[in-house]
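Subject: Handover of a structure

Dear colleague,

Please find the structure below, with its sequence. My notes on it follow, beginning with a question.

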Amino acid sequence: MNDIAVLGAGMHPWGKWGRSFVSYGTAAARAALADAGLDWRDIGSIVGADTVRGGYPGYVAGATFAQALGWQGARVTSVYAACASGAQAVNTARAQILGGLADVVLVVGADAAPKGFFAPAGGDRPDDPDWLRFRVLGATNPAYFGLYARRRMALYGDTPEDFALVKVKNAAAGALNPLARYRTPVTAEEVAASAVVADPLRLLDICATSDGGAALVLSSMDFARRHGHPDPVRIRAVSTVTPTYPKAVLDLPDIATDSAVAASPAPLSFRASIARAAYEEAGLGPGELSLAEVYDLSTALELEWYEDIGLCAPGEGAKLVRDGVTALGGRVPVNPSGGLASFGEAVPAQAIAQVCELTRQLRGEAGDRQVPGARAGITANQGLFGHGSAVVAVR
């Protein structure tokens with residue numbers, strides 16, 4: 001096994017704080033270092049997940065955080081992969097550790113997001129699919145989420161009431177998480193009464209944009225044992241796979257599917273292939289999961305993830321949430337942190353924050369939202385332009 005140890009996990013609370021992303025990231029980094037019992041000067045490498053909203057400092061996040069913490073000569077890397085940036089940062093740190101380039105690595109991601117849904121970066125870029133889907137199609141993220149929800153309704157008979165149950169579940173978990181932005185339980189009736197944003201999805205079906213930060217201290221297993229961590233949480237797999245041609249289902253930000261006339265579609269969807277690669281590397285399957293953290297950009301997309309990570313067959317996601325399988329106290333709690341429904345999107349931080357939640361759960365430190373006897377968990381999301389993102393952690 002190519003395990004690495006999670007020595008420390010730290011976060012800055014999510015919200016709208018009106019400060020620089022640098023302050024959120026450095027706060028999260030210091031919290032992770034304190035959790036690990038290490039000093040910043042002990043760190044051999046720092047990997048920063050970039051934010052496109054921070055100007056030049058955001059494009060070189062690794063060096064920006066290193067400077068904010070105090071130059072000390074550590075190796076530095078900055079990565080960007082949209083919503084998969086955090087997982088790419090974890091994977092980069094893992095490669096450095098397994099390659100012998102550093103014994104202990106600090107991974108940091110933070111963002112200061114605009115109010116409202118995300119817009120394209122400035123300027124005219126007609127060769128940029130992301131720019132095109134905004135300018136030509138008017139396909140904002142909520143519009144895309146609505147199309148996916150309609151697809152589920154047409155294929156599987158899902159209903160807006162099913163989608164609302166996901167929000168109710170995640171809000172109940174988020175109410176127990178002191179780091180979450182939204183900490184008030186909601187009812188299905190409140191979801192149904194909220195404003196329509198992209199039919200059939202309503203305001204409470206769609207995650208907000210947020211400020212926030214998250215950080216991890218990762219190390220080799222030898223370093224962990226030498227520094228008083230004989231049984232740490234271990235990262236056993238990181239999946240960063242790309243799609244397989246031809247794709248038969250529209251994926252953001254593509255505005256057309258690959259042709260399936262001359263070639264049969266791949267047996268798995270892109271998102272399902274992300275999870276499969278993680279399971280294969282980790283040597284375990286969905287039946288061995290204690291919990292999962294998935295990318296609930298919308299309530300309907302969370303149901304899709306249940307199927308993609310193998311908790312059920314295609315079309316059966318709604319039944320899981322109806323039966324309470326994915327709620328706290330259920331067989332496999334999904335998003336016990338409260339998910340993006342409770343946090344909102346702080347893009348470079350969110351995949352790192354998912355691993356922070358797995359770490360707390362696997363240590364038994366999650367308080368009122370603790371999954372009893374948690375031994376293995378998976379995170380899953382995807383980034384624009386075919387960036388896979390899944391992490392398997394075990395204890």
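Which residues in α6 meet which residues in α11? The model is a predicted one, and in it Phe145, Tyr148, Ala149, Arg151, Arg152 and Tyr156 of α6 meet Ala300, Leu301, Leu303, Glu304 and Glu307 of α11. By class, the residues of this contact divide into 7 nonpolar, no polar and 4 charged. Helix α6 spans residues 141–156 and helix α11 residues 299–308; the two pack at an angle of about 60°, and their axes are 9 Å apart. The helices α6 and α11 are therefore oblique to each other, and their crossing is left-handed.

The sheet

An open sheet is formed by 9 strands, in the order β3-β2-β4-β7-β1-β8-β11-β10-β9, with mixed pairing. At its edges stand β3 (75–79) and β9 (291–294); each has a single partner strand, so one side of each is left without a neighbour in the sheet. From one strand to the next, the twist averages 25°. One of the pairings is that of β2 (residues 45–49) with β4 (residues 104–112), which is parallel and extends over 5 bridges. Within it, Ser45 stands opposite Val105 in β4.

Helices across the sheet

Helix α4 (residues 85–98) lies across β1 (4–15), β2, β3, β4, β7 (211–219), β8 (233–239) and β11 (387–394). Its direction is at about 160° to β2. Helix α10 (residues 270–282) lies across β8, β10 (376–383) and β11, and runs at about 135° to β8.

Helix α3

The buried residues of helix α3 (residues 61–69) are Ala61, Gly62, Thr64, Phe65, Ala66 and Leu69. They pack against α1 (21–36), β2, α2 (55–59), β3 and β4. With neighbours within four places in sequence left aside, Thr64 is in contact with Phe21, Val22 and Pro57. Just after α3 comes Gly70, with a positive phi of about 115°.

Backbone features

Most residues other than glycine have a negative phi, and most peptide bonds are trans.

- Asp199 and Pro200 are joined by a cis peptide bond with omega of about 15°. Pro200 is in the loop between β5 (196–198) and β6 (201–202).
- From Tyr245 to Pro246 the peptide bond is also cis, and omega is near -10°. The loop between β8 and α10 holds Pro246.
- Ala82, a residue other than glycine, has a positive phi, near 55°. This residue is found in the loop between β3 and α4. Is Ala82 buried or exposed? Ala82 counts as buried because its relative accessibility is 6%, which is under the 20% limit.
- Phe385, likewise a residue other than glycine, has a positive phi near 65°. Its place is the loop between β10 and β11. With a relative accessible area of 46%, Phe385 is partly exposed.

With kind regards

How values were computed. Residues numbered from 1 in each chain as written. Predicted model: local features only at pLDDT ≥ 70, side-chain atom pairs only at ≥ 80, totals over all residues. Heavy atoms only, no water. Pairing = 2+ DSSP bridges. Helix = DSSP H or I, 4+ residues; strand = E, 2+ residues; numbered from the N terminus. Axes fitted to C-alpha atoms, helices over the stretch in contact; angles between N-to-C directions. Contact = heavy atoms within 4.5 Å. Buried < 20%, exposed > 50% of the residue type's maximum accessible area, 1.4 Å probe, protein only. Parallel < 35°, antiparallel > 145°, perpendicular 65-115°, else oblique. Left-handed = near helix turned anticlockwise from the far one by under 90°. Nonpolar A, V, L, I, M, F, W, Y, C, P; charged D, E, K, R; others polar.
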